[in-house]
Number of protein chains: 2
Amino acid sequence: MDIRGIIKQHQLGLLFQQGSFGLEKESQRVYADGRIVTTPHPALFGNRAYHPYIQTDFAESQLELITPPCKNLNDSLRWLSAIHEVVARSLPEDEYIFPLSMPAGLPDESLIQVAQLDNAEDVAYREHLVAVYGKNKQMVSGIHYNFQLSPDFIEALFKAQNTEQSAVDFQNNLYMKMARNFLRYQWILVYLLSATPTVQADYFQQGSPLKNGQYVRSLRSSQYGYVNAPEIKVSFENLQDYVESLEHWVNMGKLIAEKEFYSNVRLRGAKKVRDLLNKGIQYLEFRLFDLNPFEAYGINLEDAKFIHLFVLLMIWLEDSDQSAVDLGKKMLGEVALESPLQPTKFRQEGEQILQQLIAMLKEIEAEQKLIDIVQDKLNQFADPAQTLCGRLVKAIEQSGDYQILGATLAQQYKQQACEKFYALSAFANMELSTQALMFDLIQKGIKVDILDESDQFLCLQFGEHIEYVKNGNMTSKDSYISPLIMENKVVTKKVLAKAGFNVPQSIEFTDLESAVANYPLFENRAVVIKPKSTNFGLGITIFQQGVKNKQDFAKAVEIAFREDKEVMIEDYLVGTEYRFFVLGDNTLAVLLRVPANVEGDGVHTVAELVAMKNDHPLRGDGSRTPLKKIALGEIEQLQLKEQGLTTASIPAKGQLVQLRANSNISTGGDSIDMTEAMHPSYKALAVGISKAMGAAVCGVDLIIPDLNKPAEPSLASWGVIEANFNPMMMMHIFPYQGKSRRVTLDVIKMLFPEWWS
Amino acid sequence: MDIRGIIKQHQLGLLFQQGSFGLEKESQRVYADGRIVTTPHPALFGNRAYHPYIQTDFAESQLELITPPCKNLNDSLRWLSAIHEVVARSLPEDEYIFPLSMPAGLPDESLIQVAQLDNAEDVAYREHLVAVYGKNKQMVSGIHYNFQLSPDFIEALFKAQNTEQSAVDFQNNLYMKMARNFLRYQWILVYLLSATPTVQADYFQQGSPLKNGQYVRSLRSSQYGYVNAPEIKVSFENLQDYVESLEHWVNMGKLIAEKEFYSNVRLRGAKKVRDLLNKGIQYLEFRLFDLNPFEAYGINLEDAKFIHLFVLLMIWLEDSDQSAVDLGKKMLGEVALESPLQPTKFRQEGEQILQQLIAMLKEIEAEQKLIDIVQDKLNQFADPAQTLCGRLVKAIEQSGDYQILGATLAQQYKQQACEKFYALSAFANMELSTQALMFDLIQKGIKVDILDESDQFLCLQFGEHIEYVKNGNMTSKDSYISPLIMENKVVTKKVLAKAGFNVPQSIEFTDLESAVANYPLFENRAVVIKPKSTNFGLGITIFQQGVKNKQDFAKAVEIAFREDKEVMIEDYLVGTEYRFFVLGDNTLAVLLRVPANVEGDGVHTVAELVAMKNDHPLRGDGSRTPLKKIALGEIEQLQLKEQGLTTASIPAKGQLVQLRANSNISTGGDSIDMTEAMHPSYKALAVGISKAMGAAVCGVDLIIPDLNKPAEPSLASWGVIEANFNPMMMMHIFPYQGKSRRVTLDVIKMLFPEWWS
């Protein structure tokens with residue numbers, strides 16, 4: 001088949017570049033000094049029987065982080081970043097993720113525990129590996145790179161060629177060609193991307209094969225790496241031969257299972273290789289990549305893209321036969337043991353292949369950026385010091401020790417991952433609450449599919465159970481009518497009043513005369529008279545002790561009408577406003593929101609105090625921090641003026657300076673957790689109010705004069721101001737003061753109770 | 001207690017005028033000639049054991065229509081209108097509602113069936129009445145007027161006075177005063193509002209007491225009406241005496257139950273009168289009002305308001321004692337038998353009382369409109385011909401016969417009630433779908449409370465079961481996430497595609513170059529290329545047979561980019577679009593929407609054909625008709641021009657003239673029911689799509705090339721275009737062609753399955 005001709009003739013260049021990508025990255029958990037931990041896999045990740053993102057590989061200490069299949073590598077790396085951040089922040093304080101492939105600080109072999117999985121067969125398999133290869137060899141880590149060609153591309157290619165083979169055979173042959181050529185030219189990737197030049201001597205049971213001070217390109221890909229016995233030969237000539245030869249070794253008992261065959265390419269798509277004959281190879285897994293220690297997550301986007309283009313070239317090139325595959329493996333072994341700072345003996349072939357890659361990219365009209373990536377790699381054949389391994393050797397030399405380098409980087413990466421502890425960096429364009437929810441989902445191993453990133457729309461899956469979530473807590477558990485009730489303040493009041501809750505009643509007027517004529521309705525009642533659309537408190541009069549005479553009343557109404565065409569007269573509730581976060585049958589959090597303020601110290605000016613308070617790690621300018629910086633704009637200046645202050649004033653020690661009248665967090669307010677202080681009777685009321693709204697998740701605002709006294713059935717004791725659907729969660733998770741309430745986790749518990757059962 | 005003084009001093013005039021109102025109106029079902037029917041109470045009203053709106057009184061033929069308690073009389077009359085419209089349209093075609101209080105065309109007594117109620121006691125009570133009073137007397141109809149003072153008013157009054165009685169005693173005394181004074185002055189209401197001047201001779205078992213041609217003011221309120229034996233005397237002196245004297249007659253066996261005591265005022269608030277002593281009288285029921293035959297619903301707003309003011313006067317006036325009550329009853333009897341066209345002998349007292357009423361209204365600063373109503377009644381003392389009875393006598397004389405007059409009016413009122421058969425006139429400001437839903441709820445006897453009229457927000461109640469409905473079908477049965485999914489077209493597509501439904505895929509582009517570069521993705525595919533925000537079809541190119549070459553493709557993309565900054569390329573689906581209305585597990589209706597059109601007849605111009613089509617009773621201009629008139633605006637003219645026509649063209653017989661490209665009903669489109677024609681496989685698919693959305697109620701739009709062929713799993717067989725929450729219902733209930741599908745009833749079935757079980 002003339003693939004190049006078909007791609008060109010049918011303009012398939014674009015489809016050719018499409019595909020699906022998945023990364024699996026192994027890493028050892030280590031202590032601060034780089035020694036591998038002996039602790040079990042953290043229990044808060046739940047069970048590895050189902051976890052889609054966080055697994056263990058061979059040993060209990062060996063994390064395996066898995067990205068979901070993505071249509072582009074950018075997303076794959078975002079996921080890799082997110083999973084890393086979740087793991088880094090979930091590990092015990094004294095544990096880190098080791099950034100190098102070869103382990104350092106290995107414990108005594110007896111202390112290395114194989115992964116404690118539910119499935120007895122999986123454990124037995126690992127025990128077998130221990131017997132055959134020893135434990136230390138299993139402790140090596142790397143990245144597996146899964147790649148699927150676009151099925152549309154394969155279909156278009158199939159339709160355009162003239163052989164009489166079936167579609168499945170066509171697909172199998174295509175992937176087999178890719179596999180063969182990959183094995184033929186894989187040494188190039190080792191030359192460019194390997195990063196296992198050395199290891200500590202105690203790694204080898206029989207003593208190190210390396211001379212003192214000797215570095216190689218890749219111990220991991222060399223004969224000293226984790227490889228099958230040399231007798232195990234599996235044919236890549238065609239799928240049928242592959243299946244039969246692999247089955248042969250398993251039947252002979254030389255391999256305990258098909259998966260013990262450690263090729264640098266694995267054929268994927270079925271549990272048993274034989275099934276691939278009918279089902280077709282779905283994708284290939286490339287397994288020879290060492291961790292890039294200069295990247296926090298082991299790989300960077302350019303290298304990931306380069307690998308993609310390289311494997312595409314593998315079907316663009318002329319085919320290889322089995323002898324070429326064997327040659328490729330031999331070359332790999334030789335390159336692996338070359339000195340990293342010396343040119344490779346196969347430089348000419350390497351340069352020639354990358355030139356062919358550039359030619360291919362030009363023919364399929366690929367972006368220049370991609371050509372630039374390849375050109376950069378091409379240049380590294382002339383300058384081995386620029387290869388990853390070349391750079392790593394220099395870094396090891398500089399730090400003086402392999403383990404010290406790894407430990408230093410591990411600490412640095414963990415610190416970075418914890419810096420913005422409230423966010424998932426790779427998904428920073430989403431709302432914080434959705435980031436927090438995704439954090440918990442990744443941690444707990446519930447599959448997340450982002451259906452619409454800008455709309456905060458997620459699809460969650462655990463087993464066969466699917467749930468959708470929008471904006472962090474809008475779910476199937478709320479009924480449709482419930483937010484509609486809460487959206488309408490009139491209806492909300494009626495429903496709550498009917499259900500027997502204390503609701504401040506209000507009457508609206510559109511003219512001064514009728515309002516004043518209704519004076520008798522308000523006499524002796526504590527009311528607030530306000531323009532319907534309130535604006536910075538203008539036009540509001542509060543009769544806290546009740547309206548005492550008609551003149552005052554009329555005056556207040558008149559003032560309100562100066563600001564708006566409609567005026568509300570509402571029962572006035574004396575007390576403090578608290579936000580109750582209710583989920584199902586429980587009030588999970590109670591929050592007091594305090595208007596933006598600073599406390600004087602007798603030394604600093606208001607402006608300085610504000611700047612100092614704004615330094616708090618939770619405060620930011622945009623919408624992506626849990627708290628907001630206090631501004632010093634017009635409204636704040638006005639507020640200061642009312643207190644006889646300016647930004648240059650120096651308030652006395654302990655003096656509270658108000659910078660806002662409103663308590664919104666979004667205008668610099670403080671959030672203070674009051675969950676434990678609040679009398680339980682009010683928490684029960686909030687649950688009742690949420691239930692009356694038919695809500696599963698509800699933010700209930702109550703006015704309470706005394707949070708220590710039990711609730712009584714009168715407006716003097718408490719009143720409900722508002723019930724909010726899709727209530728904010730970040731202010732409870734990251735309050736300015738008081739205990740964090742991780743309510744996103746409760747949303748997940750509500751949606752997937754089976755996880756906890 | 002000095003009520004007047006307290007009201008003035010404490011400015012309670014406004015609260016004094018507030019209250020709750022309820023009307024109960026009896027009427028006989030009759031045939032077109034006015035004869036009383038012998039058919040059972042219509043089964044479609046469900047069971048009278050619970051119906052809050054539609055009951056029967058004494059006989060199976062005697063409707064009792066009940067309004068819910070309202071805070072103002074305007075609403076009471078709106079409800080009365082709505083209930084009447086429901087009944088009028090639900091009755092068999094040959095049945096009508098008789099508008100006069102005295103029955104005409106009475107069947108043989110043996111054919112009069114007492115109301116067939118579930119409760120055996122209720123039936124036994126009616127049989128007892130038959131034995132004591134005979135059947136005919138029970139066939140008289142009237143209006144009962146329930147009135148409750150504002151509890152806030154009573155509370156304010158109680159607080160302002162100085163006696164030491166309890167709040168309950170105070171309330172009882174207040175209502176007792178109202179009752180006594182009412183009985184003392186009730187003759188005034190009979191003079192002004194009575195409407196039973198005569199009856200057919202066969203009404204009386206012993207022959208008519210009226211001379212030939214003699215008219216009286218109120219047979220119903222006279223000794224010939226439906227009254228207790230003269231010996232039954234119950235004291236109104238105070239509640240204690242009332243309770244004891246009434247219990248006395250029941251204990252003596254002279255009354256079968258307390259409710260057999262037919263006072264023109266009934267004390268309400270407890271099942272047993274004795275309980276009123278503790279619970280307090282809650283409201284009074286005034287029972288002496290004859291039906292006003294000149295009003296379709298038996299009473300008008302002015303009279304209803306007058307009655308309210310009159311009963312308020314009853315507590316404003318000096319108190320009456322038992323002897324005054326007895327005097328009042330005697331005067332009532334005399335006035336009832338006066339000649340309607342003669343002045344009453346008590347004219348002086350009547351005028352004096354109404355002058356006192358005017359004085360009261362002035363003192364409490366009531367609206368002038370109310371004073372005008374009273375003034376009008378006051379004037380009727382000088383001109384008896386203006387009283388209701390005076391006018392009725394003239395009408396009887398003119399029509400020649402009491403029964404003929406009643407039958408004529410009955411037919412006229414039924415016709416009026418059926419005119420806008422798709423609407424509830426009194427609630428015409430609400431959406432038609434909500435009106436249709438309210439119609440069904442009233443018919444079936446499920447309580448409706450309008451929480452927010454402009455927001456179409458209803459509270460429904462059946463027994464203890466409460467449901468909320470917004471916009472006709474937004475309920476608790478849909479989950480919150482379901483409309484959120486449907487709101488987002490990208491998410492909808494992903495969810496449906498994941499669930500395995502045929503979804504046209506689309507890709508969006510923001511620049512010409514990248515769109516053209518992606519040509520290979522679309523080659524040979526049937527696609528539609530369009531600006532993202534389509535506007536009257538501008539910029540759209542359809543490749544129905546698949547994109548064949550890059551030049552055509554690039555041109556189409558370029559044209560689309562002229563109209564918008566974003567261009568969509570979407571799979572093109574060949575076929576006709578149908579709307580499936582899905583509720584739960586069923587597709588209830590399938591509708592074809594045809595763009596506005598007329599069919600030529602070779603005679604009329606396009607403009608004339610449009611005018612003729614617009615004459616259809618379902619077509620209107622605003623938003624409150626099921627179909628819309630076809631406009632002849634710019635867009636329609638353009639559409640005509642494309643067909644080489646103008647509004648003055650005369651299309652050939654049978655020629656179809658398109659006036660719109662879009663099929664929306666709101667722009668004059670036709671709706672055609674296709675429920676039965678549609679192959680069931682598509683109906684099942686629509687249900688599946690609705691379920692994938694998690695929807696209880698869903699409008700699914702499918703493109704289907706051949707509705708007779710079963711669905712197959714490819715886009716060539718069908719594709720889903722949209723899933724809509726809160727789908728329109730009126731187009732299914734009142735299609736232009738085909739069978740009506742009363743989907744509102746299914747919404748009710750979904751919410752209250754117990755009604756049907």
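Q: How much space lies in the second largest cavity?
A: A cavity is a set of points, on a 1 Å grid over the protein atoms alone, where a 1.4 Å probe fits but cannot get out. Points are joined across faces, edges and corners, and the volume is the space filled by probe spheres set on them. In this predicted model, the second largest cavity holds about 90 Å³.

Q: Which residues lie nearest its centre?
A: Lining residues have an atom within 4 Å of a point. Here there are 13, with A:His84, A:Ile97, A:Ala296, A:Tyr413 and A:Lys414 nearest the centre. Residues are numbered from 1 along each chain as its sequence is written, chains are lettered from A in the order written, and totals for linings use all residues, whereas local features need pLDDT of at least 70.

Q: How does the lining divide by class?
A: Ala, Val, Leu, Ile, Met, Phe, Trp, Tyr, Cys and Pro count as nonpolar, Asp, Glu, Lys and Arg as charged, and the others, Gly among them, as polar. This lining has nine nonpolar, one polar and three charged residues.

Q: What volume has the largest cavity?
A: About 110 Å³. Its 14 lining residues include B:His84 and B:Tyr413, which are among those nearest its centre. H15(B) supplies the largest share, four residues. The classes are 11 nonpolar, one polar and two charged.

How values were computed: Predicted model: local features only at pLDDT ≥ 70, side-chain atom pairs only at ≥ 80, totals over all residues. Heavy atoms only, no water. 1 Å grid on protein atoms, 1.4 Å probe; cavity = no way out; pocket = protein on both sides within 12 Å on 5 of 7 lines; lining within 4 Å. Helix = DSSP H or I, 4+ residues; strand = E, 2+ residues; numbered from the N terminus.
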